[in-house]
Amino acid sequence: MIKIEMTVNGRPVSGEVEGRTLLVDFIRQTLLLTGTHVGCDTTQCGACTIHLDGEPVKSCSVLAAECAGARITTIEGMANADGSLSSMQQAFQDYHGLQCGFCTPGMVMAATALLEENPTPSEAEIRHHLEGNICRCTGYHNIVKAVQAASGQDVTPVAAE
Amino acid sequence: MYDFDFERPTTIQDAVEALKAEEAIAFSGGQTLMPTMKQRLAMPSKVVSLTAIDEMKGVRLDGTSLWIGGATTHATVKRELAESYPAMSSLAGRIGDPSVRSRGTIGGSVANNDPSACYPAGTLASKGVIVTDRREIPADEFFQGMFMTALEEGEIVTAVKMQVPERAHYAKFIQPASRFPLTAVYVAKFDDGVRVAVTGASEMGVFRWTEAEEALSSGFDAGAIDGLATPDGADMISDLHGSGDYRAHLVKVMTKRAVAAA
Ligand SMILES: Cc1cc2nc3c(=O)[nH]c(=O)nc-3n(C[C@H](O)[C@H](O)[C@H](O)COP(=O)(O)OP(=O)(O)OC[C@H]3O[C@@H](n4cnc5c(N)ncnc54)[C@H](O)[C@@H]3O)c2cc1C
Ligand code: FES
Ligand code: FES
């Protein structure tokens with residue numbers, strides 16, 4: 001077993017993992033932060049997206065042992081300090097950016113990372129950035145609208161390709 | 001995935017030592033290796049992570065000579081080369097998706113030499129040289145066929161060197177489900193000639209389309225490609241996404257697009 005320490009949502013955590021333990025399993029099963037979802041387990045769907053040292057990664061494709069000393073943020077760490085939703089989460093609610101909600105944690109993490117890198121992305125840039133996040137419900141248009149709104153931009157009335 | 005020992009050395013020397021163990025495997029971004037291990041197509045006894053080796057990270061530019069550390073992620077290359085080598089920055093920025101780019105590395109990409117990968121084409125076209133823990137190998141000799149390279153057992157790609165051309169462009173015809181190229185062409189114009197590298201087409205992996213290089217070296221214009229015969233589709237990858245002839249046709253189309261956009 002390998003002993004690891006890391007900071008998750010601003011709190012120091014530690015635990016013992018096997019070499020093969022996936023970061024997502026450490027997050028869900030050891031830390032019991034089950035907001036991060038597993039859709040495919042094969043690096044395709046993005047449901048497991050979290051932030052590792054500020055960058056979006058698919059936590060099903062990262063070894064927990066690789067993250068010793070890292071700073072991690074999951075969907076549980078997104079709300080504001082007073083418990084209210086972050087502007088991105090609020091925009092997903094306002095613009096109906098979710099239906100079943102399975103992809104939503106990953107979508108919110110990916111979209112939040114986009115705005116950190118590019119605060120006012122174009123519609124095409126939003127779509128390009130979300131290519132690794134699959135949603136089987138919404139058809140994506142409302143997700144794009146939510147990201148536009150969260151970035152303080154006009155929301156395209158009927159989102160086009 | 002079966003369990004394995006895990007090591008995360010901080011120097012190249014320690015990594016080389018760690019890789020001497022029986023069935024040890026180098027691990028960078030894991031964006032290819034993790035799915036492979038989950039499917040038990042790779043069952044290493046020991047995983048040696050290269051992600052904590054600072055001497056393998058970063059991008060350095062000296063005139064037109066470029067050095068990219070083997071453990072440098074696609075996201076870093078995209079960011080660092082945005083001004084100095086926009087075509088390579090754009091290649092890195094279109095690999096997979098943002099999460100793949102946060103983890104995947106140039107060293108892992110060239111070592112893997114997937115027949116549809118992007119970096120092998122960019123490296124070959126940019127007069128690349130693969131630097132390892134023991135030698136330097138010109139890209140022309142490094143890429144030896146589908147998933148085949150000149151790397152020996154336990155040899156680590158520590159850096160990739162390239163020359164920044166006068167003009168360049170990477171035309172990627174995307175396979176939307178995998179986000180890899182279906183077929184893609186990297187064109188680079190230097191003062192002493194043009195290089196055209198093709199990925200996602202040949203059964204032999206990345207290759208240089210020499211007829212197009214000759215035609216473009218005498219006149220760098222998309223029209224120069226028109227008169228050329230399409231490469232032979234019989235040697236091309238044929239699968240449910242496209243026949244060999246379709247890919248051969250794409251080689252010509254993407255070469256013209258790359259030249260027009262360079
Ligand atoms: C959804 C998805 C989409 C993708 N789309 C694209 C795309 O469009 N274009 C593209 O080119 N790629 C694409 N990839 C692949 C991605 O770029 C990988 O990151 C890359 O091919 C491998 O790099 P890695 O650092 O992740 O290597 P790993 O997965 O860690 O390793 C890959 C192989 O290389 C070996 N290795 C790793 N590093 C070294 C080294 N420094 N020296 C020697 N051997 C080493 C490993 O032992 C292993 O055999 C995609 C991957 C995914 C999951
Ligand atoms: S569960 Fe990780 S990408 Fe789908
Ligand atoms: S809301 Fe159901 S998968 Fe996206």
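**View 1. Ligand 1 and the 32 residues that surround it, with G29(B), G96(B), G104(B), G107(B) and G108(B) the closest.** A residue joins this shell as near if its C-beta atom, placed from the backbone, lies within 6 Å of the molecule. This is a predicted model, in which local features need pLDDT of at least 70, side-chain atom pairs count only at pLDDT 80 or more, and totals for chains, interfaces and linings use all residues. Residues are numbered from 1 along each chain as its sequence is written, while chains are lettered from A and ligands numbered from 1 in the order in which they are written. Ligand 1 sits between chains A and B. Two or more shell residues come from each of β2 (24–27), α5 (98–103) and α6 of chain B; helices here are DSSP runs of H or I with at least four residues, strands are runs of E with at least two, and both are numbered from the N terminus. The top contributor is α6(B), with 5 residues. Sorted by class, the shell holds 14 nonpolar, 15 polar and 3 charged residues. For that count, Ala, Val, Leu, Ile, Met, Phe, Trp, Tyr, Cys and Pro are nonpolar, Asp, Glu, Lys and Arg are charged, and the others, Gly among them, are polar. Domain 1 (5–49) and domain 2 (54–163) of chain B each supply at least three residues of the shell.

**View 2. Chain B and its three assigned domains.** The bounds, from an automatic or database domain assignment, are 5–49 for domain 1, 54–163 for domain 2 and 167–261 for domain 3. Take the C-alpha centres of domains 1 and 3 of chain B, and you get a separation of 34 Å. Chain B has 11 helices and 14 strands, and its C-alpha trace spans about 55 × 45 × 30 Å along the principal axes. The radius of gyration of chain B is 18 Å, which agrees with the value near 18 Å for a compact globule of 262 residues; that radius is taken over C-alpha atoms, and the globule rule is 2.2 Å times the number of residues to the power 0.38.

**View 3. V185(B) in the largest nonpolar core.** This core has 124 residues, and V185(B), V187(B), V196(B) and V198(B) have the most contacts inside it. Helix α3 (residues 104–117) of chain A gives the most to the core, with 7 residues. A nonpolar core is a set of buried Ala, Val, Leu, Ile, Met, Phe, Trp, Tyr and Cys residues joined through C-beta atoms within 7 Å. Buried means 20 or more other C-beta atoms within 10 Å of the residue's own, exposed means 12 or fewer, and partly exposed is in between, with C-beta atoms placed from the backbone. Leaving aside neighbours within four places in sequence, the contacts of V185(B) include A171(B), V196(B), V198(B) and V251(B); contact means C-beta atoms, placed from the backbone, within 7 Å.

**View 4. R167(B) on strand β11 (residues 167–174) of chain B.** R167(B) counts as partly exposed because it has 14 C-beta neighbours inside 10 Å. Beyond four places in sequence, R167(B) is in contact with K189(B) and A262(B). R167(B) and V251(B) are 84 residues apart in sequence, with 19 Å from C-alpha to C-alpha.

**View 5. Two residues with positive phi, D41(A) and N113(B).** Most residues other than glycine have a negative phi. D41(A), not a glycine, has a phi of about 65° and sits in the loop between α1 (23–30) and β3 (49–52) of chain A. With 17 C-beta neighbours inside 10 Å, D41(A) is partly exposed. For N113(B), phi is near 45°, and the residue lies in the loop between α6 (106–112) and α7 (119–125) of chain B. N113(B) counts as buried, thanks to 22 C-beta neighbours inside 10 Å.

View 6. Domain 1 of chain A puts 14 residues into the contact and domain 2 of chain A puts in 11 residues. On the domain 1 side, β3 and β4 of chain A each give two or more residues, with β3(A) giving the most, 3 residues.

Terms used
Two residues are in contact if their C-beta atoms, placed from the backbone, lie within 7 Å.
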